[in-house]
Amino acid sequence: MMVTIQVIHSGFFTTVQGKGRFGYQKAGVSVGGAMDSFASRLANLLVGNDADEATLEITMNGPTLRFDTDALIAICGGSFRCTLNSEPVSMWKPLFVRKGDVLSIGACQSGYRAYVAFAGGLNVPPVMNSRSTYVQAGIGGFHGRALRSGDVLPLRAPVITIQEKPVRWGIAFSERNYINGKKKIVRVAEGPEYGMFTAQSQERFFASVYEVTTQSDRMGYRLQGQALERATNHEMISEAVTFGTIQVPASGQPIVLMADCQTTGGYPRIAQVISADLPILAQARPGDYIQFQKVSWQEAQRLYVEREQQMKKWKMIIQQKWREMDDAR
Amino acid sequence: MDYTMFPLSEWAVTIRFSTEVDEAVNEHVHRVTVFLEEQKKEGILDIVPTFSSVTVYYDPLVAGDYEEICKWLRTELKRVGHIKKAAARTVVIPVCYGGEFGPDLQEVARFHGISEEEVISIHSRESYRVYMIGFAPGFAYLGGLSPEIATPRRSTPRTHVPAGSVGIAGSQTGIYPLATPGGWQIIGRTPLALFRPHDPEPSLLRAGDIVQFRPITEEEYRMWDDGHNSSNT
């Protein structure tokens, strides 16, 4: 039997996102996937899924969903007002949902994006090895597009038994600090064309703050602040770019490329946001301020490995918690 | 061939052979790409050729850290020199020039003071090299447009350019794989689908290919069926 969720209201921009689509960049296909992979992966781990399982990515304003089945879900990410049958519910913890329940995810209080994971995962077909929605090409996720009111989302059967008792544990507050605050510190390593900029601009890039403009989306964040100048007029030819690459076009205003960015670009790349800090950017909204802080590539690499080890630790802790709950039954 | 290597991110390294567009360099880029793909090293996620560089995406926890990847690449790059050059594929792209499919053909002809037929004949006479795929799914950067028909972009971009539109922008020519806004001078349209999301190889064109345009009639265009449900919307 097919288990489903009814989309009563779609929210501002809700898409299915998971693991990126690697292997097709030479065909011009962008990698995509969850903007805040930290929140998306933790939501999956909380419900016993593989960390890369597809989740619903919510931006700014969330959807209202009616469950046609019992389910186990978790909502992680920016702080959204969430209710289940009009009763407030917490984020960052496993949540049992009954058949007929209505989950409503309202406006975003802090941060910008949240992820809903469903035990068993969303039953959407992978396209080019990924379930992530690639809106520009109209593929992946739910029919290659953002959700609309009236959609019926198919779920896979959950692997965890639904229990009567509510879950009394979740992800600690200290892990969600990256979401708060209007001014965000984002660490970067030197980009390939860092040396192309004047010494004054290199200094300015780290000393000043940049505002996230309204022309910011899953493809890139356009920032506004002190203009950056190049020391040479040498024209660049297009080379690969990736999630977190900071390009500087002729205007001198930096653009941070995000999950749905194009595969190649021709603007000088002043810096690269370190992987561990991409979730900070993903949670920045128009009007927020970004200050860049320089780290070495060695440090960036060390932080990457540290984050991955942290994820493994979370997985073990969560599995342990589920075992304790099962034992207590 | 000499090269430099640098990190693009904690999961990507770029090998750069030149900072110029050059056919011989580009040829080498594709040999390196094909060769590295053949090694099927565990943890390599993606290999992306551009005009004169190759970027290798990897999972640092599986394939090793930056230093290890560079060491592996340096060893492999020494072996590429001995590999025979693969024969380039020639891909013929049927194009219905002018009329409703090529609304700017007249403008391109007027700009150069030649007839529309001459524009078509020059455009379909040359062979074009696919230097790289990028910018959009299935979008090919082609080299080889004759200066006789090079034309500046439209002063006002169109809000909707249908998929398959063949255009000219400065000294470039190319095909829009998806319907997008765009400022290229549109001289025709192909019924072929450039982007085939459900195929094992989603881009009709590959870097290193040779492209030839073949004029077809409007009737041929409408009868065309390449089994990819090419969207002419």
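In the UniProt record, an unreviewed entry, the feature "domain: Carboxyltransferase" is placed at residues 3-205 of chain B; UniProt positions follow the numbering used here, feature names are shortened, and annotations may be inferred rather than shown by experiment. The model is predicted, so that local features need pLDDT of at least 70 and side-chain atom pairs count only at pLDDT 80 or more, whereas totals for chains, interfaces and linings use all residues. Residues are numbered from 1 along each chain as its sequence is written, chains are lettered from A and ligands numbered from 1 in the order in which they are written, and side-chain values use heavy atoms, with hydrogens and water left out.

The span of residues 3-205 of chain B is 27% helix and 31% strand, and its end C-alpha atoms lie 26 Å apart. Chain B contains six helices and 13 strands, where helices (H or I, at least four residues) and strands (E, at least two) are DSSP runs numbered from the N terminus. Along the principal axes, the C-alpha atoms of chain B fill a box of roughly 55 × 35 × 35 Å. Of the 233 residues in chain B, 55% are buried (under 20% relative accessible area, with exposed meaning over 50% and partly exposed in between; 1.4 Å probe, protein chains only). Where contacts in chain B (heavy atoms within 4.5 Å) join residues at least 6 apart in sequence, 61% are between residues at least 24 apart.

Over all chains, 28 salt bridges are found, each defined as a side-chain nitrogen of Lys or Arg within 4 Å of a carboxyl oxygen of Asp or Glu. One of them pairs B:Glu27 with B:Arg129 at 3.7 Å, N to O. Because B:Glu27 belongs to helix α1 of chain B and B:Arg129 to strand β6 (residues 128-133) of chain B, this pair ties together parts that are 102 residues apart in sequence. B:Glu27 is partly exposed, at 22% relative accessible area, whereas B:Arg129 is buried, at 7%. A salt bridge within one helix joins B:Arg79 and B:Glu76 at 2.8 Å, N to O; both residues lie in helix α3 (residues 66-80) of chain B, three residues apart, about one turn of the helix. Here B:Arg79 is partly exposed, at 41%, and B:Glu76 is buried, at 8%.

Chains A and B bury about 3,300 Å² between them, 64% of it on carbon and sulfur atoms; buried area is the accessible area (1.4 Å probe) that two parts lose on being put together, summed over both. The contact involves 41 residues from chain A and 44 residues from chain B. Three salt bridges cross the interface of chain A and chain B. A:Lys26 and B:Glu37 form a salt bridge whose closest N and O atoms are 2.8 Å apart.

Rings of Phe, Tyr and Trp (its six-membered ring) pair if their centres lie within 6.5 Å, with planes under 30 degrees apart counted as stacked, over 60 as edge-to-face and the rest as tilted. The A:Phe38 and A:Tyr178 rings are edge-to-face, because their planes stand at 85 degrees with the centres 5.4 Å apart. This pair links distant parts of chain A, 140 residues apart: A:Phe38 is in helix α1 (residues 37-46), and A:Tyr178 is in the loop between β9 (152-155) and β10 (183-190). A:Phe38 is buried at 3% relative accessibility, and A:Tyr178 is buried at 14%. In chain B, ring pairs join B:Phe51, B:Tyr131, B:Phe135, B:Phe139, B:Tyr141, B:Tyr176 and B:Trp184 into a cluster.

Charges also sit over rings, as defined by NZ of Lys or CZ of Arg within 6 Å of the ring centre and within 35 degrees of the ring normal. A:Arg176 lies over the face of A:Phe173, 4.4 Å from the ring centre, and the charged end of B:Lys41 is over the ring of B:Trp72, 5.2 Å from its centre.

Most residues other than glycine have a negative phi. A:Asn85, not a glycine, has a positive phi of about 50 degrees; A:Asn85 lies in the loop between β5 (71-84) and β6 (87-88) of chain A and is partly exposed, at 39%. B:Lys40 likewise has a positive phi, near 45 degrees. B:Lys40 occupies the loop between α1 (23-39) and β3 (44-49) of chain B and is exposed, at 71%.
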